[in-house]
Amino acid sequence: MRISVIGTGYLGATHAACLASLGFEVVGIDTSADKVAALSRGELPFREPGLPAMLAAGLASGRLRFSTGLSAAADCDVHFICVGTPQSRTGLSADLTAVFGVARGLGDIIERDCLIVGKSTVPVGTAAAIADVVRSTCAGHEVAVAWNPEFLREGHAVADTLRPDRLVFGVEHRDGSAVPLLRQVYAEALASGVPLHITDLPTAELAKTAANAFLATKISFINAMAELSDLAGADVVALADVLGDDTRIGRRFLDAGVGFGGGCLPKDIRALGARALELGAPATARLLGEVDDINQQARTRVVDAVLARLRAVDGNRVAVLGATFKPMSDDVRDSPALAVAGRLLGRGCDLRVFDPEGARNARAQRPDLTFAASIDAALADADVVVHLTEWPQFREIDPAAAAGRVRHPILVDARNTLDQVRWRAAGWTVQGVGRGACAPAAGVAVAGWLMQDPVPATSSDDLARR
Ligand code: UDX
């Protein structure tokens with residue numbers, strides 16, 4: 001079976017290399033000549049564990065090649081559409097220019113009966129429109145259209161592609177040619193017991209955006225509980241543990257902090273909200289809008305916490321630990337860490353940002369930030385340290401040694417993953433997210449809600465004592 005993978009970004013490059021590793025003959029196609037040249041040399045433009053070796057093996061075997069011309073796909077049996085669907089410039093919906101461009105292009109070049117499989121994340125209803133476009137341009141050949149969403153996470157893309165939690169085949173007709181062909185493509189995963197859901201096209205399209213919306217909602221829910229925990233003096237980490245032991249809820253994606261970012265969750269909930277409005281479901285759009293708002297507020301709360309701590313010590317220098325949207329990735333797209341750093345810079349703070357692997361991308365996106373070459377360089381003379389991306393390296397910091405480098409030993413742990421007890425024991429003032437940071441003094445209640453300035457007045461004597 002010959003397969004084309006059109007669009008060789010994160011998803012497409014991973015999918016193409018994984019399919020070649022399974023023994024298929026694969027051509028990866030992209031309009032970017034630079035990307036095609038780099039991939040053909042075995043160079044990945046992003047960090048993904050395990051993928052470089054797989055790419056190299058695919059190229060060496062001769063089963064994997066890359067091209068800028070869609071005509072290289074003409075004789076393929078299966079075409080996977082993996083192009084991007086970014087947020088449109090004019091609103092919250094997804095920009096489908098690339099997806100429809102590929103559909104029209106395929107209609108023009110197809111030379112045989114084939115299956116077109118969408119993997120890009122699209123608004124529900126797009127697959128049917130693509131089928132119409134392809135069939136209107138491609139005469140004389142039987143073309144089936146299917147939707148096969150991916151759920152891969154950055155940092156786990158290879159495993160998520162080869163052994164996903166589930167497979168979804170959205171098809172036009174259950175007894176058509178699409179299901180047997182897709183079964184062949186995914187034979188290994190299916191043989192290893194990966195559950196398969198065969199659905200109609202809209203259900204498959206919705207499965208992807210609904211999954212991301214649910215994950216985003218879970219994160220915003222726990223961040224909402226973090227805000228309540230701060231106000232009420234509760235601990236959101238212990239709360240999440242209690243909630244997570246309910247098997248109906250589950251503990252994963254209940255880590256409160258600076259909120260979600262990356263190339264998928266933020267844009268996907270916005271696109272789903274926009275589609276919900278188009279379809280006439282305003283309450284659904286409002287729900288997703290709240291999830292987005294709470295996520296933005298999580299960033300604001302961290303910015304406010306840092307500024308309040310700076311005010312309390314009359315300081316200005318901030319050590320920023322982390323720039324990527326999550327650890328084990330060099331991706332800074334819609335990164336909460338970078339957004340917080342940018343806002344602190346806008347408020348006049350003097351920042352030193354350190355990220356183990358994301359500095360190059362972060363510098364390209366925010367050339368106005370000052371980057372440090374090491375954790376120690378970032379910490380030097382800091383008035384506040386803010387921990388924004390939970391890289392394992394930051395857990396290795398010795399708090400006692402770090403206290404000797406900063407001007408004021410104040411830590412805002414915006415990911416709640418540092419050992420806050422150990423940092424406190426080493427003399428640090430530590431503020432987490434939702435860890436009772438602004439718990440009121442005993443017995444102080446204001447009109448049912450407990451109110452207090454988030455940062456207790458701090459003097460240098462206080463700091464010295466802690
Ligand atoms: C996500 C989905 O998980 C994946 O299924 C989909 O295919 C693409 O989008 P990814 O963007 O790689 O994957 O990141 P993910 O690991 O889901 O994390 C997303 C964001 O949520 C990160 O910024 C992360 O820090 C944040 N997050 C995650 C939390 O703030 N709390 C959590 O409990 C979990």
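Entry 1, contacts. I call two residues in contact if their C-beta atoms, placed from the backbone, lie within 7 Å. Looking at contacts in the chain between residues at least 6 apart in sequence, I found that 72% join residues at least 24 apart.

I'm working with a predicted model, where local features need pLDDT of at least 70, side-chain atom pairs count only at pLDDT 80 or more, and totals for chains, interfaces and linings use all residues. Residues are numbered from 1 along each chain as its sequence is written.

Along the principal axes, the C-alpha atoms fill a box of roughly 85 × 50 × 40 Å.

I have domain 1 (2–199), domain 2 (209–291) and domain 3 (300–465), with bounds from an automatic or database domain assignment. The centres of domain 1 and domain 3, taken over C-alpha atoms, are 41 Å apart. Still, four residues of domain 1 are in contact with five residues of domain 3.

Which residues come nearest to it? Of the 19 around it, I noted Glu154, Asp255, Phe260, Gly262 and Cys264. "Near" here means a C-beta atom, placed from the backbone, within 6 Å of the molecule. Helix H9 (residues 201–232) gives the most to this shell, with three residues. Domain 1 and domain 2 each supply at least three residues to the shell.

I checked which residues of H3 (residues 51–61) are buried, and got Met54, Leu55 and Gly58. Buried means 20 or more other C-beta atoms within 10 Å of a residue's own, with C-beta atoms placed from the backbone; exposed is 12 or fewer, and partly exposed is in between. Down the H3 axis, the buried residues fall within an arc of 100°, so they line one face of the helix. That arc is of the directions from the helix axis to the C-beta atoms. Their cover includes helix H1 (10–21) and strand E3 (64–67). Just after H3, I saw Gly62 with a positive phi of about 80°.

Methods
Helix = DSSP H or I, 4+ residues; strand = E, 2+ residues; numbered from the N terminus.
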